[in-house]
Amino acid sequence: QVQLVESGGGLVQAGGSLRLSCAASGLTLNQKAMGWFRQAPGKEREFVAAITWSGHITSVADSVKGRFTISRDNNKNMVYLQMNSLKPEDMAVYYCAADTMVYRVPLSTSASAYGYWGQGTQVSVSS
């Protein structure tokens, strides 16, 4: 059974930082591209960042480029999202997701490519 468990969310002031973690089990993580998505109230789920199975290639949304970094540690079955210079518009529930395919290249920014999802972690940013 595949499980993705996010942690690290919370309340932070604008300009602050958070590091989200995603613990994966029940799948061979080092075969899967991983992604982070977010969903704010009343809005659709949107792509934030993704990383290939090897960790060599990453993709981030324009809205977070230069502020957010995705990384992974396959030995620990972990994926991370470092978020710096947070803005109020970053406030959302953040979801970790695993690609349905193995060894996908290029990375997909579409939620439909990711078949496994965590329960989400809330990130709140005060202005």
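**Cysteines and an arginine**

A: C22 is buried, with a relative accessible area of 0%, where buried means under 20% relative accessible area, exposed over 50% and partly exposed in between (1.4 Å probe, protein chains only). Please keep in mind that this is a predicted model, in which local features need pLDDT of at least 70, side-chain atom pairs count only at pLDDT 80 or more, and totals for chains, interfaces and linings use all residues. Residues are numbered from 1 along each chain as its sequence is written, and side-chain values use heavy atoms, with hydrogens and water left out.

Q: Which residue does a disulfide join to C22?
A: The disulfide joins C22 to C96, with an S to S distance of 2.1 Å; a disulfide here is a pair of cysteine sulfur atoms within 2.5 Å.

Q: And is C96 buried or exposed?
A: C96 is buried, and its relative accessible area is 0%.

Q: New topic: where is R67?
A: R67 sits in the loop between β6 (58–60) and β7 (68–73), where strands are DSSP runs (E, at least two residues) numbered from the N terminus.

Q: Is R67 buried or exposed?
A: R67 counts as buried, because its relative accessibility is 9%.

Q: What does the side chain of R67 join in a polar contact?
A: The side chains of R67 and D90 are joined by a polar contact of 2.7 Å; such a contact is a pair of N or O atoms within 3.5 Å, and within protein one must be able to donate a hydrogen and the other to accept it, while residues adjacent in sequence count only if both atoms are side-chain atoms. A polar atom of the R67 side chain also lies 2.9 Å from the backbone oxygen of S63.

Conventions. Helix = DSSP H or I, 4+ residues; strand = E, 2+ residues; numbered from the N terminus.
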